Amino acid sequence: MTRSSEAQNHEEEGDAKMLGRLWKWSAAALGCVVLALVLTSTAPLGQEKQEKIPRVRGRCQVCHRDEAIEWAKSGHAKAWTSEAFALTTNNRNQKECLSCHAPDKILVTGFGKEPKLRSEMVELGVDCVACHQDANDAQHGKVGRVTDAHPTVKNEKFASVEMCASCHAKFGTVDEWKQTKWASDPESCTHCHMPKITRKIAITSQKEEETRVHTFLGAHPEMFKKGVKVETNVDGGNLVVKLTSVEVGHNFPTGIDHVVAIVDVRLLSDGQEALKHQTMLADDRARGGSDTRLKPGETREIVVPLQGKKGEAVIRILHKSARDLPDEKATLLFETKVAVQ
Ligand code: HEC
Ligand code: HEC
Ligand code: HEC
Ligand code: HEC
Ligand code: HEC
């Protein structure tokens with residue numbers, strides 16, 4: 001057996017013990033009938049969820065499977081390992097860039113203050129412990145649930161913009177949000193980015209209740225569709241792409257100025273590319289240019305001269321986490337086709 005698989009087996013034994021202990025506690029509280037129910041209901045649980053359960057710092061995944069599976073798909077989980085981050089920080093060697101991408105507990109530094117770089121398991125990026133755990137290893141949340149599994153603290157500031165601002169204020173997102181109609185809701189980052197879902201808080205919970213999805217979708221086709229309306233039409237020899245920001249609580253795109261969006265238009269005639277036109281939406285102020293990002297509520301018309309050519313126009317909206325990444329590595333947020341006669 002290799003060293004790492006030995007270590008893994010050891011950890012899994014530990015996980016089983018942790019759960020065993022919890023079940024004993026719930027049994028003590030609720031009687032053996034409940035214990036039997038819990039034990040029989042766990043066997044199919046593992047099978048019905050085919051998705052791999054990631055291992056996280058603090059082993060939260062043992063009891064909070066859904067949150068762990070969702071978080072593993074989020075940008076937060078990739079904050080340290082992403083190609084864009086490596087590319088823009090000289091392979092994570094730029095000291096002033098690291099703290100928010102592998103933060104220590106923000107409940108220790110305080111909401112609204114820039115976190116400190118942690119010294120362990122940096123590859124997990126913005127993880128459960130960084131957001132939820134305080135100096136005494138208690139888990140903070142908004143419910144205030146008492147459990148034997150770990151201490152909890154009911155924290156009214158949890159899920160607030162102030163909490164997200166610890167990392168999301170530095171590059172302008174919170175200031176942009178302050179100018180919008182959503183600023184009257186002090187939890188609006190969470191309301192747009194962590195939709196509600198009814199399920200058990202922990203796998204041993206007795207009942208389902210309202211919780212929040214942990215995928216933190218941002219630059220994603222689903223979010224883009226909700227946030228930005230795209231209309232296209234051919235008019236007087238031009239193709240016009242009209243973008244309206246309807247439900248984005250900040251600029252599109254938002255964040256550090258490495259992040260850009262691109263409106264990419266191609267005209268295909270007889271299978272050949274007859275025309276290519278790109279418009280970048282980016283904050284170029286530090287590069288001596290202007291800020292061309294789409295503001296909340298704004299409508300922008302991008303006019304592409306067709307030069308008398310005919311065929312099929314393909315309109316794509318791309319999102320790059322770093323402008324120096326090649327187009328093939330961009331996220332495709334939107335695509336549509338228009339016939340040009
Ligand atoms: C041994 C199982 C177990 C482990 C491991 C565990 N939890 Fe929990 N956790 C629970 C249970 C049980 C509850 C209460 C659920 C209920 O009342 O329905 C809970 C509640 C919570 C809550 C809700 C707090 C509130 O507002 O009331 C949060 C947040 C939380 N856990 C986070 C974490 C994090 C983060 C980790 C890892 C660092 C973790 N938990 C590890 C079992 C566990
Ligand atoms: C400890 C720092 C930190 C905190 C606190 C934090 N974030 Fe983030 N967030 C990041 C970093 C770093 C990224 C960039 C990750 C990446 O894509 O590589 C990010 C990315 C995101 C994204 C974009 C994901 C994508 O794939 O486009 C969303 C949405 C987001 N965060 C929402 C939130 C919300 C809502 C809160 C508050 C509940 C919050 N964040 C709190 C550091 C943080
Ligand atoms: C960027 C910060 C952030 C990260 C990272 C994060 N959470 Fe949360 N978590 C929140 C917020 C905000 C809430 C919502 C609180 C509310 O409104 O009730 C929440 C809620 C919860 C709850 C209460 C039930 C629910 O789903 O709403 C649990 C349990 C929980 N998180 C566990 C985890 C675990 C486990 C991880 C890691 C796999 C994790 N969280 C990662 C911010 C975070
Ligand atoms: C009204 C809903 C709404 C609110 C409020 C909102 N967002 Fe967003 N956010 C969106 C939509 C829609 C997108 C997808 C479009 C985009 O990429 O900008 C998005 C994208 C993002 C992204 C990915 C950015 C990118 O474009 O690369 C981050 C990061 C983010 N939001 C953070 C936040 C933070 C932090 C807050 C609170 C200050 C917040 N959002 C408030 C709707 C919202
Ligand atoms: C104050 C916290 C903080 C610091 C410091 C920080 N970042 Fe980030 N970074 C974020 C957050 C939050 C996001 C997600 C939204 C955005 O783009 O601002 C992010 C996103 C990114 C992204 C795009 C997402 C991705 O794929 O990782 C890159 C690239 C990036 N940062 C590079 C840097 C560089 C380069 C520096 C140093 C100049 C830096 N960051 C310093 C908080 C921080």
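Author: Happy to. Ligand 2 is surrounded by 26 residues, with Gly75, Ala79, Cys164, Cys167 and Gly218 the closest; a residue is near a molecule if its C-beta atom, placed from the backbone, lies within 6 Å of it. Two or more residues of that shell come from each of α6 (128-132), α7 (161-168) and α9 (188-193), where helices are DSSP runs (H or I, at least four residues) numbered from the N terminus. The biggest contributor is α7, with 5 residues. By class, the shell around ligand 2 holds 16 nonpolar, 9 polar and 1 charged; Ala, Val, Leu, Ile, Met, Phe, Trp, Tyr, Cys and Pro count as nonpolar, Asp, Glu, Lys and Arg as charged, and the others, Gly among them, as polar.

Before going on, a note on the source: this is a predicted model, in which local features need pLDDT of at least 70, side-chain atom pairs count only at pLDDT 80 or more, and totals for chains, interfaces and linings use all residues. Residues are numbered from 1 along each chain as its sequence is written, while chains are lettered from A and ligands numbered from 1 in the order in which they are written.

Now to ligand 4, which 26 residues surround, the closest being Cys189, Cys192, Gly218, Gly227 and Gly249. Here α7, α8 (173-178), α9 and α10 (221-227) each give two or more residues. The shell around ligand 4 divides into 14 nonpolar, 10 polar and 2 charged residues. Domain 1 (49-212) and domain 2 (221-340) each supply at least three residues to it, with bounds taken from an automatic or database domain assignment.
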